[in-house]
Amino acid sequence: MTFLQPWVLFALPLAALPVIIHLIHLYRRRQVKWAAMIFLRAAQQMSKGLSRLRQILILTLRVLAVAAIIMVVGRPLAGGWLGLTGGAPDTVLVLLDRSASMEQKDIATGVSKRMAGLRNLAKAIDDTTAGHSHVVLIDSALDKPLALDKADSLLDVPQSEGTDTAADIPALLQAALDYITTNKTGRTDVWILSDLQASDWAATSGRWPALRSGFALLHGVRFHLLCYPEPAIGDLGVRVENVQRRESADSAELTMDVHITRRVKEGETPAAVDVPVQFVVNGTTTSEKVTVNGGEAVLQGYTIPIDKSTRRGWGRVELPADACPENNVFYFVFDDPPVLRSVIVSDDQAEAGPLNAALSAAADPERKYLSTTLGVAHAAEIPWPETALVVWQAPLPKPDDPLARNLADHVAAGRDIIFLPPESPDNVSMFGLEWGDWVTAPETKPAQVQWWRNDTGLLANTRDGAALPVGTLEISRYCTISGDGTPLARMEGNANVLMKANGDETAGGAYFMGLLPDPGSSSLARDGVVMFALLQRALEEGAQTLGKARQGFASANALGTDPSLWHRADPGAEAIIPTELPLHAGVVTSGDQMIALNRPPGEDVPRTVSTGDLNELFGGLDFRVVTGSLEDTRSLTNEVWRTFLICMAAAILGEALLCLPPRRFITPVRGEPSHAAPAPWEAVK
Amino acid sequence: MAENKRYFLEPAVLGRLLALPLHARQAMLGSVSGKHRSPVRGSSLEFAQYRKYVPGDDTRRLDWRTWGRSDRFYIKQFEADTNLRLCLLMDTSGSMDFGPDGTTRFDYARKLAGALGYFAAEQGDAVGLWSMADKPVEIPAKRGPGHLGAVLDKLADLKPLGGTTLVKALHEAAERIRQRALVVIFSDFFVPPEELKSAFQHLRFRKHDVAAFHLLDQRELDFDFDRPARFLDMEGGDAIQADPSLIARNYREAVRKYMVELDDAVRTTGVDYQRVKLHESYEAALVRFLLARIQNHPGR
């Protein structure tokens, strides 16, 4: 417990006053000459235990009453549940989740989760540390520590403003760990403000054990997690995919897939609602009423006519305002589609041939496809900027190999890589994954894929819901994959044969597939469908960031190393400082380059980590979870003088009750008979 | 000086009460003729009984009428009248110095004892004085105005002081008062009732007519204090710190229990018990005492 006026506590010894007065009174009380000592002694003997107990209780209550008064004057703060006892820490680290989902607002007050949390934190830190601690802010968008002169600055600095980015909480904690280790921050309170969105917390990430170990080695570090997990029921969100310009002989149009989602209570089927959706293309607005039945509505291939001369441009899809303004708009850009270029790196023509055939085939007749095969020795010749997909069927480059850096940059730029196993796998890893051993199936009984992820990813079901025939593949041999990644397909015995490396969701995909298409290894090439779908999807995914008009996700690196080269395409858009530009949704341009930045997909998934998950993530660490609510305007630290006042009143009341003289007999006036209850001696007589 | 010392004798009260006799509740063995019944047969006018004549009897006491009717000799016996020995036992312990404003329990006892002594002497009875204290005073019962003066002077000189030796003194008095007497005790009886009962039994065993004036102040019964105080024992014992609000209930319970036990003690021992509160007039207490004795008097 802390006090706003702690100096008053020096007066606490005054609580002993009742005892002192009692002692003085004891020795200075009046003296009465008394004859009937026989009764007095008997009475004392009878009430010895009770009387003493009562006297002790009375004194205790008096002491409590005085102490409570002093406490009230000291203006106590309730914050014990935050572990605020023990004085101010040397450093207070605020880890702020600036993800788009934190902008969920209370419709009545317009206060977002982020702002409510920051206000609470600022006040709590100010109240409990009284400016004696160093306050450092690390936000999820930049992951850079920012020292603040006071807790109230949390509300003012640009690094605490809302963004449309995702949050990487493990990375945030890693930044905190680095800061604590580097700066020797002493006794440190780490406050995490988050909405516990599962995609941000990445509870299954392999980084958590390392973080736990790292923090466990530090002494005096406490975690306070202030979370606002409450979902915005009924909130609508919009997402746009596959924006393409199509042209016919006399007209042109934009086609797109529009997904409108509605957050509903689990197990509840809400009534259908009509949602007015606005489409803005190059400043021209059209509107469409969409009926959302249940939790989702999809406008598949929605077309917007455009002028035939308009070959490139940008636009947005908007929903009416609600609790989450960040997901009510989705930006898109369009241009002549880029060439879907892929490069196969392999020295084995038997493998490269089928791959080349699948990647060269035009899945979309209106687009151009170009697939090139390069030997491992010529891998450096890959035209990285124009390549959407690299299929790497060769030993993994060692970390100090420039090719490794090129591959990493390729993925960071939003493109895709599919690694296929070499004949002789080594223990080199990339993107946290590495090749295991080759497993050969009996000749008479080829192995089959036992499980694959069909809801999303490269092996997802087709648009009409049909599953890819992954289970019918005949596999003669496969190479296992180990490391920290997301499994997409498994063989018998849980051996992974297709995994996606974990990483920034705004980056491209790095896939490890333990199957080869040659006839001696599998029926991938012979059956064709699975391989074709898989490669075309990876190609499409990697091509998202190709061309002069690209879709991207808001993140610190979305606009490269120099965001000042970019500016908003919409002249009417709110002005924003260049360093914040990549963190917000919108369309930005630089020269003939145009990027539509939007919130990452994970921000639209309402799932949150549970308390059990948190206990596991912070297992062994000193941490407390405080669940806030947008409707709850109470401060984290409350002045609790009323409680002490009530205690004081109770103590005084108790003391008064104990001091109450026992019900006495009405004694008669001398010489007159009593008309009241007879005194005991009268009764005897 | 004598008049000054005997301030406790109020002539007006004595004059009003002189008409009430002081009777013993049982036969007395006096040395001279008096107003009290004697266990031996005497020559008073009050017929007692007939008994058969035996050789040696005074033939003047033969009832000739009975002889005429029955042809047998009977002696007619009459009650003997004798005087009374009044022994005034004064408790002079320190607790007797307690009392209402301006007076003390001992003053009250002195008035009662002085008046009773005076009444006894007036009707020709012997009066003696015993004080029950560390330094006992013993004036054997004798008749005569001069002796009464000595008793009253001694009574005036007595001062309540020191611890109580009431029970021990009563036992001693029982032993030392050899002949039947009316023993009147003036005390607050602040001793355990069972000890008191033993002393009463001893006195009764010695054939004494025992009367006890239990003198109590109303404050001792009510214990009506409002503030904690340090209670000093008037008999020299340890002082007690007490908060009346905390122990008053138990105090009254102790009083009640004491009264029950004392009541039992006096009832079983046949003591003429007079509970007197100091705020009532001693005249009223005396009247009550004397009238009760008239009613209980066996008659002539």
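Author: Let us start with a rule for strands: two of them are said to pair if DSSP finds at least two bridges between them. In this predicted model, strand β6 (residues 182-187) and strand β7 (residues 209-216) of chain B are joined in the parallel sense over six bridges, and at least two are what the rule asks for. Within that pairing, B:V184 stands opposite B:A211 of β7(B).

Reader: Why do β6 and β31 of chain A count as edges of their sheet?

Author: The sheet in question is open and has six strands in the order β6-β5-β4-β7-β8-β31 (chain A), with mixed pairing. Because β6 (145-148) and β31 (622-627) of chain A have a single partner strand each, one side of each is left without a neighbour in the sheet. Neighbouring strands here are turned by 20° against each other on average, direction ignored.

Reader: How do you know in which sense β5 and β6 of chain A pair, and what links them?

Author: Strand β5 (residues 134-139) of chain A and β6(A) pair in the antiparallel sense over four bridges, with A:I138 opposite A:P145. The two strands form a hairpin with five residues between them, and A:D143 in the turn has a positive phi of about 60°. Elsewhere in the sheet, strand β7 (residues 188-194) and strand β8 (residues 221-227) of chain A pair in the parallel sense over seven bridges, and the bridge partner of A:D189 is A:R222 in β8(A).

Reader: How do you know that the length of helix α13 of chain A agrees with what it should be?

Author: At 1.5 Å a residue, the 19 residues of α13 (residues 641-659) of chain A should span 27 Å, and since the end C-alpha atoms are 26 Å apart, the two values agree.

Reader: Why are the buried residues of α13(A) said to be on the same side?

Author: The buried residues of α13(A) are A:W641, A:F644, A:M648, A:A651 and A:E655, each therefore with 20 or more other C-beta atoms within 10 Å of its own. They cover an arc of only 75° around the axis, which puts them on the same side of α13(A). The face turned away from that buried side carries exposed residues, namely A:R642, A:I646, A:A649, A:L653, A:A656 and A:L657.

Reader: What makes up the side of chain A that touches chain B?

Author: In total, 33 residues of chain A are in contact with 39 residues of chain B. At least two residues each come from β2 (31-34), α2 (37-46), α3 (48-73) and α14 (680-684) of chain A, and α2(A) supplies the largest share, nine residues. By class, this side of chain A has 19 nonpolar, six polar and eight charged residues. A pairing also crosses between the chains, for β2(A) and strand β8 (residues 229-233) of chain B pair in the parallel sense over four bridges, with B:F231 as the bridge partner of A:V32.

Note on methods. Residues numbered from 1 in each chain as written. Chains lettered and ligands numbered in written order. Predicted model: local features only at pLDDT ≥ 70, side-chain atom pairs only at ≥ 80, totals over all residues. Expected span 1.5 Å × (residues − 1). Buried ≥ 20, exposed ≤ 12 C-beta atoms within 10 Å, placed from the backbone. Arc of directions from axis to C-beta. Contact = placed C-beta atoms within 7 Å. Nonpolar A, V, L, I, M, F, W, Y, C, P; charged D, E, K, R; others polar. Axes fitted to C-alpha atoms, helices over the stretch in contact; angles between N-to-C directions.
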